[in-house]
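Dear colleague,

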Amino acid sequence: MNNHSVPLSPVLPLTSFGNVLVFLFSILLATTIIFLNFSVLLSILMNKSLRNENRFMFMLSTCLSDICSGVSYYYAGVLDVRDHYTSPNRTFYIVPTFLGLSYMAIIAAQADRYHAVASPFKYSQRMTRNRTLLVILVYWVYAFVIVAVNNLVPVGTAKRVTGIGSFLGNICTVIIMIGLNIRLYYIATFQLMKEPPSADRDGKRSSIYLVVIVAVFFLGAWLPLFIHIIVCSFSGTTCYSFKNEGTDPIRILPRLNAVITPVLYTRGCTALRESLFTHVWRSCCRR
(Lines give C-alpha, C1' and ligand atoms only; values in the text may rest on other atoms or scores of the structure.)
Protein backbone atom coordinates (compact mmCIF):
# COMPACT_ATOMS: atom_id res chain seq x y z
CA MET A 1 0.00 0.00 0.00
CA ASN A 2 2.98 2.31 0.02
CA ASN A 3 6.23 2.81 -1.81
CA HIS A 4 8.47 3.01 1.27
CA SER A 5 10.07 0.14 3.15
CA VAL A 6 8.73 0.92 6.61
CA PRO A 7 8.56 -1.70 9.36
CA LEU A 8 5.00 -2.15 10.57
CA SER A 9 4.08 -2.87 14.16
CA PRO A 10 0.76 -3.59 15.92
CA VAL A 11 -1.61 -0.71 16.62
CA LEU A 12 -0.08 -0.51 20.12
CA PRO A 13 2.94 -2.30 21.62
CA LEU A 14 1.70 -5.63 23.00
CA THR A 15 3.29 -4.96 26.38
CA SER A 16 0.18 -4.63 28.50
CA PHE A 17 -3.21 -6.30 28.85
CA GLY A 18 -5.02 -3.13 27.73
CA ASN A 19 -2.91 -2.86 24.57
CA VAL A 20 -3.59 -6.50 23.73
CA LEU A 21 -7.33 -5.86 24.14
CA VAL A 22 -7.15 -2.91 21.71
CA PHE A 23 -5.26 -5.09 19.23
CA LEU A 24 -7.83 -7.92 19.51
CA PHE A 25 -10.71 -5.44 19.27
CA SER A 26 -9.34 -4.12 15.97
CA ILE A 27 -9.10 -7.66 14.55
CA LEU A 28 -12.60 -8.50 15.79
CA LEU A 29 -14.03 -5.28 14.35
CA ALA A 30 -12.53 -5.91 10.90
CA THR A 31 -13.73 -9.54 10.92
CA THR A 32 -17.26 -8.61 12.03
CA ILE A 33 -17.55 -5.93 9.34
CA ILE A 34 -16.57 -8.43 6.64
CA PHE A 35 -18.76 -11.26 7.97
CA LEU A 36 -21.98 -9.26 8.38
CA ASN A 37 -21.72 -7.28 5.15
CA PHE A 38 -20.68 -10.31 3.11
CA SER A 39 -23.66 -12.22 4.53
CA VAL A 40 -26.08 -9.46 3.50
CA LEU A 41 -24.42 -9.15 0.09
CA LEU A 42 -24.87 -12.90 -0.55
CA SER A 43 -28.46 -12.74 0.70
CA ILE A 44 -29.30 -10.17 -1.99
CA LEU A 45 -27.32 -11.84 -4.77
CA MET A 46 -28.94 -15.23 -4.09
CA ASN A 47 -32.50 -13.88 -4.14
CA LYS A 48 -33.87 -12.85 -7.54
CA SER A 49 -36.80 -10.87 -6.14
CA LEU A 50 -34.41 -8.75 -4.05
CA ARG A 51 -32.09 -8.17 -6.99
CA ASN A 52 -35.01 -6.81 -9.02
CA GLU A 53 -35.62 -3.94 -6.56
CA ASN A 54 -33.55 -0.78 -6.91
CA ARG A 55 -33.23 -0.17 -3.17
CA PHE A 56 -31.36 -3.43 -2.73
CA MET A 57 -28.82 -2.34 -5.33
CA PHE A 58 -27.87 0.53 -3.03
CA MET A 59 -27.66 -1.97 -0.16
CA LEU A 60 -25.29 -4.04 -2.31
CA SER A 61 -23.15 -0.98 -2.93
CA THR A 62 -23.02 -0.19 0.80
CA CYS A 63 -22.12 -3.78 1.67
CA LEU A 64 -19.38 -3.93 -0.97
CA SER A 65 -17.73 -0.70 0.19
CA ASP A 66 -18.01 -1.79 3.84
CA ILE A 67 -16.43 -5.17 3.01
CA CYS A 68 -13.52 -3.27 1.45
CA SER A 69 -13.38 -1.12 4.60
CA GLY A 70 -13.26 -4.25 6.76
CA VAL A 71 -10.49 -5.86 4.70
CA SER A 72 -8.45 -2.64 4.68
CA TYR A 73 -8.91 -2.25 8.45
CA TYR A 74 -6.65 -5.26 8.97
CA TYR A 75 -3.95 -2.87 7.75
CA ALA A 76 -5.19 0.59 8.74
CA GLY A 77 -6.64 -0.37 12.14
CA VAL A 78 -4.76 -3.45 13.33
CA LEU A 79 -1.34 -2.00 12.52
CA ASP A 80 0.30 1.29 13.47
CA VAL A 81 -0.88 3.39 10.51
CA ARG A 82 -1.61 7.10 10.10
CA ASP A 83 -3.32 7.80 6.78
CA HIS A 84 -1.94 11.29 6.16
CA TYR A 85 -0.08 12.93 3.26
CA THR A 86 3.27 12.85 5.05
CA SER A 87 2.89 9.40 6.60
CA PRO A 88 5.29 6.76 5.16
CA ASN A 89 2.73 3.97 5.67
CA ARG A 90 -0.30 5.84 4.32
CA THR A 91 -2.84 4.18 2.02
CA PHE A 92 -2.90 7.13 -0.42
CA TYR A 93 -6.47 7.84 0.81
CA ILE A 94 -7.82 4.62 -0.69
CA VAL A 95 -9.04 3.31 2.69
CA PRO A 96 -11.02 6.48 3.62
CA THR A 97 -12.54 6.37 0.14
CA PHE A 98 -14.28 3.07 0.93
CA LEU A 99 -15.92 4.76 3.91
CA GLY A 100 -16.90 7.69 1.73
CA LEU A 101 -18.52 5.34 -0.78
CA SER A 102 -20.81 4.02 1.94
CA TYR A 103 -21.74 7.62 2.72
CA MET A 104 -22.60 8.33 -0.91
CA ALA A 105 -24.63 5.12 -1.13
CA ILE A 106 -26.79 6.18 1.84
CA ILE A 107 -27.49 9.59 0.28
CA ALA A 108 -28.31 7.97 -3.07
CA ALA A 109 -30.65 5.50 -1.33
CA GLN A 110 -32.43 8.38 0.42
CA ALA A 111 -32.90 10.23 -2.87
CA ASP A 112 -34.09 7.01 -4.51
CA ARG A 113 -36.76 6.39 -1.83
CA TYR A 114 -37.90 10.02 -1.94
CA HIS A 115 -38.29 9.91 -5.71
CA ALA A 116 -40.07 6.53 -5.54
CA VAL A 117 -42.66 7.76 -3.05
CA ALA A 118 -43.09 11.37 -4.18
CA SER A 119 -43.39 10.56 -7.91
CA PRO A 120 -44.02 6.81 -8.26
CA PHE A 121 -45.12 6.96 -11.92
CA LYS A 122 -42.12 9.01 -13.06
CA TYR A 123 -39.83 6.89 -10.89
CA SER A 124 -40.98 3.66 -12.55
CA GLN A 125 -40.28 5.20 -15.97
CA ARG A 126 -36.94 6.82 -15.18
CA MET A 127 -35.19 4.62 -12.64
CA THR A 128 -34.79 1.31 -14.37
CA ARG A 129 -32.41 -1.22 -12.88
CA ASN A 130 -29.71 -0.32 -15.43
CA ARG A 131 -29.98 3.38 -14.59
CA THR A 132 -29.76 2.58 -10.89
CA LEU A 133 -26.60 0.57 -11.52
CA LEU A 134 -25.28 3.46 -13.62
CA VAL A 135 -25.80 5.88 -10.70
CA ILE A 136 -23.86 3.52 -8.44
CA LEU A 137 -21.07 3.15 -11.01
CA VAL A 138 -20.82 6.93 -11.41
CA TYR A 139 -20.20 7.66 -7.73
CA TRP A 140 -17.71 4.76 -7.45
CA VAL A 141 -15.75 6.10 -10.43
CA TYR A 142 -16.02 9.69 -9.12
CA ALA A 143 -14.61 8.65 -5.74
CA PHE A 144 -11.52 7.02 -7.22
CA VAL A 145 -10.98 9.85 -9.70
CA ILE A 146 -10.71 12.16 -6.68
CA VAL A 147 -8.22 9.73 -5.11
CA ALA A 148 -6.14 9.73 -8.30
CA VAL A 149 -6.15 13.53 -8.51
CA ASN A 150 -5.14 13.84 -4.85
CA ASN A 151 -2.16 11.56 -5.42
CA LEU A 152 -1.04 13.12 -8.70
CA VAL A 153 -0.98 16.80 -7.72
CA PRO A 154 1.60 18.30 -5.30
CA VAL A 155 0.96 17.73 -1.61
CA GLY A 156 0.27 21.40 -0.92
CA THR A 157 -2.35 21.55 -3.67
CA ALA A 158 -3.91 18.30 -2.50
CA LYS A 159 -4.20 19.66 1.05
CA ARG A 160 -5.91 22.84 -0.13
CA VAL A 161 -8.30 20.94 -2.41
CA THR A 162 -9.10 18.46 0.35
CA GLY A 163 -9.68 21.25 2.86
CA ILE A 164 -12.08 23.17 0.63
CA GLY A 165 -13.70 19.99 -0.72
CA SER A 166 -14.18 18.57 2.78
CA PHE A 167 -15.80 21.74 4.00
CA LEU A 168 -18.16 22.25 1.07
CA GLY A 169 -18.84 18.56 0.45
CA ASN A 170 -19.45 17.60 4.05
CA ILE A 171 -21.62 20.61 4.86
CA CYS A 172 -23.74 20.24 1.74
CA THR A 173 -24.21 16.47 1.99
CA VAL A 174 -25.05 16.60 5.70
CA ILE A 175 -27.68 19.29 5.04
CA ILE A 176 -29.08 17.22 2.15
CA MET A 177 -29.14 14.05 4.26
CA ILE A 178 -30.88 15.76 7.18
CA GLY A 179 -33.36 17.45 4.82
CA LEU A 180 -34.18 14.17 3.06
CA ASN A 181 -34.54 12.43 6.41
CA ILE A 182 -37.08 14.98 7.63
CA ARG A 183 -38.99 14.86 4.35
CA LEU A 184 -39.00 11.05 4.21
CA TYR A 185 -40.15 10.78 7.81
CA TYR A 186 -42.99 13.21 7.08
CA ILE A 187 -44.05 11.19 4.03
CA ALA A 188 -43.94 7.88 5.91
CA THR A 189 -45.76 9.23 8.97
CA PHE A 190 -48.42 11.49 7.45
CA GLN A 191 -48.65 11.34 3.66
CA LEU A 192 -48.79 7.55 3.26
CA MET A 193 -51.35 7.26 6.04
CA LYS A 194 -53.86 8.95 3.73
CA GLU A 195 -53.63 6.04 1.31
CA PRO A 196 -55.93 3.03 1.83
CA PRO A 197 -54.33 0.12 3.72
CA SER A 198 -52.45 -2.21 1.39
CA ALA A 199 -49.30 -4.28 1.18
CA ASP A 200 -47.80 -1.70 -1.19
CA ARG A 201 -48.36 1.13 1.32
CA ASP A 202 -46.83 -0.90 4.15
CA GLY A 203 -43.88 -1.81 1.96
CA LYS A 204 -43.22 1.84 1.12
CA ARG A 205 -43.43 2.85 4.77
CA SER A 206 -41.06 0.13 5.96
CA SER A 207 -38.51 0.89 3.22
CA ILE A 208 -38.62 4.62 4.07
CA TYR A 209 -38.30 4.04 7.81
CA LEU A 210 -35.35 1.71 7.18
CA VAL A 211 -33.49 4.32 5.11
CA VAL A 212 -34.24 7.03 7.69
CA ILE A 213 -32.96 4.91 10.61
CA VAL A 214 -29.82 3.89 8.70
CA ALA A 215 -29.15 7.56 7.84
CA VAL A 216 -29.64 8.65 11.48
CA PHE A 217 -27.07 6.11 12.70
CA PHE A 218 -24.79 7.10 9.85
CA LEU A 219 -24.92 10.78 10.80
CA GLY A 220 -24.30 9.95 14.45
CA ALA A 221 -21.16 8.00 13.54
CA TRP A 222 -19.83 10.41 10.92
CA LEU A 223 -20.55 13.91 12.22
CA PRO A 224 -17.69 13.91 14.80
CA LEU A 225 -15.22 12.95 12.06
CA PHE A 226 -16.64 15.50 9.61
CA ILE A 227 -16.37 18.33 12.14
CA HIS A 228 -12.86 17.28 13.13
CA ILE A 229 -11.63 17.13 9.52
CA ILE A 230 -13.13 20.53 8.67
CA VAL A 231 -11.55 22.16 11.73
CA CYS A 232 -8.09 20.70 11.22
CA SER A 233 -8.15 21.31 7.44
CA PHE A 234 -8.70 25.04 7.93
CA SER A 235 -6.37 25.31 10.91
CA GLY A 236 -3.57 23.62 8.95
CA THR A 237 -2.94 20.95 11.59
CA THR A 238 -2.61 17.20 11.09
CA CYS A 239 -5.99 15.50 11.52
CA TYR A 240 -4.76 13.12 14.21
CA SER A 241 -5.35 13.64 17.91
CA PHE A 242 -4.31 10.05 18.66
CA LYS A 243 -1.38 7.82 17.81
CA ASN A 244 -2.96 6.12 14.78
CA GLU A 245 -6.20 5.02 13.10
CA GLY A 246 -6.82 2.11 15.44
CA THR A 247 -6.72 4.17 18.63
CA ASP A 248 -8.69 7.20 17.41
CA PRO A 249 -12.34 6.87 18.54
CA ILE A 250 -13.45 9.46 15.96
CA ARG A 251 -12.14 7.17 13.20
CA ILE A 252 -13.38 3.99 14.86
CA LEU A 253 -16.99 5.25 14.92
CA PRO A 254 -17.52 5.00 11.13
CA ARG A 255 -16.18 1.44 11.26
CA LEU A 256 -18.64 0.59 14.02
CA ASN A 257 -21.34 1.99 11.77
CA ALA A 258 -20.24 -0.52 9.12
CA VAL A 259 -21.27 -3.21 11.65
CA ILE A 260 -24.56 -1.53 12.57
CA THR A 261 -25.75 -0.91 8.99
CA PRO A 262 -26.12 -4.58 7.89
CA VAL A 263 -27.79 -5.37 11.22
CA LEU A 264 -30.31 -2.59 10.56
CA TYR A 265 -30.86 -3.84 7.02
CA THR A 266 -31.71 -7.36 8.18
CA ARG A 267 -33.72 -6.17 11.16
CA GLY A 268 -35.81 -3.75 9.10
CA CYS A 269 -36.43 -5.86 5.99
CA THR A 270 -38.31 -9.15 6.38
CA ALA A 271 -37.51 -10.40 2.86
CA LEU A 272 -33.79 -9.78 3.35
CA ARG A 273 -33.83 -11.43 6.77
CA GLU A 274 -35.56 -14.53 5.41
CA SER A 275 -33.07 -14.74 2.54
CA LEU A 276 -30.19 -14.43 5.00
CA PHE A 277 -31.42 -17.18 7.29
CA THR A 278 -32.65 -19.47 4.50
CA HIS A 279 -30.10 -19.13 1.71
CA VAL A 280 -26.89 -18.05 3.42
CA TRP A 281 -26.50 -19.02 7.05
CA ARG A 282 -28.58 -22.20 6.94
CA SER A 283 -26.77 -23.40 3.83
CA CYS A 284 -23.39 -22.72 5.44
CA CYS A 285 -24.42 -24.60 8.60
CA ARG A 286 -25.52 -27.62 6.58
CA ARG A 287 -22.21 -27.73 4.75
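A residue is called buried here when its relative accessible area is under 20%, exposed when that area is over 50%, and partly exposed in between. Please keep in mind throughout that this is a predicted model.

I begin with the charged pairs. Side chains of opposite charge can pair when their charged atoms come close. In this model the count of salt bridges comes to 6. One of them joins arginine 55 to glutamate 53, with an N to O distance of 3.0 Å. Arginine 55 has a relative accessibility of 17% and therefore counts as buried.

Glutamate 245 deserves a separate paragraph. With a relative accessible area of 6%, glutamate 245 is buried. A salt bridge connects glutamate 245 with arginine 251, where the closest N and O atoms are 3.6 Å apart. Arginine 251 is buried as well, at 9% relative accessible area. Glutamate 245 also forms a salt bridge with arginine 255, at 3.3 Å from N to O. This second pair links distant parts of the chain: glutamate 245 lies in the loop between α8 (199-235) and α9 (249-268), while arginine 255 is in helix α9, 10 residues apart. Both glutamate 245 and arginine 255 are buried. Through shared partners, salt bridges join Glu245, Asp248, Arg251 and Arg255 into one network.

I turn next to helix α4. This helix has 25 residues, and its first and last C-alpha atoms are 36 Å apart, close to the 36 Å expected at 1.5 Å a residue. Of its 25 residues, 18 are buried, so α4 is largely enclosed by the rest of the structure. Threonine 97 belongs to α4, which covers residues 94-118. This threonine 97 is buried, at 11% relative accessible area. Apart from neighbours within four places in sequence, threonine 97 is in contact with Ala143, Phe144 and Val147.

The last item concerns the surface. Leu134, Leu137, Val138, Val141, Val145 and Val149 make a nonpolar surface patch of about 510 Å². One of these residues, valine 141, is found in helix α6, which comprises residues 129-152. Because its relative accessibility is 45%, valine 141 counts as partly exposed.

With kind regards

Methods
Residues are numbered from 1 along each chain as its sequence is written. This is a predicted model: local features need pLDDT of at least 70, side-chain atom pairs count only at pLDDT 80 or more; totals for chains, interfaces and linings use all residues. Side-chain values use heavy atoms; hydrogens and water are left out. Patches are made of residues with over 30% relative accessible area and no salt bridge: like charges are joined within 9 Å, nonpolar side chains (Val, Leu, Ile, Met, Phe, Trp, Tyr) within 5 Å. Accessible areas come from the Shrake-Rupley method with a 1.4 Å probe; for residues, only the protein chains shown count as cover. A salt bridge is a side-chain nitrogen of Lys or Arg within 4 Å of a carboxyl oxygen of Asp or Glu. Helices (H or I, at least four residues) and strands (E, at least two) are DSSP runs, numbered from the N terminus. Buried means under 20% relative accessible area, exposed over 50%, partly exposed in between (1.4 Å probe, protein chains only). Contact means heavy atoms within 4.5 Å. The expected span of a helix is 1.5 Å times one less than its number of residues.
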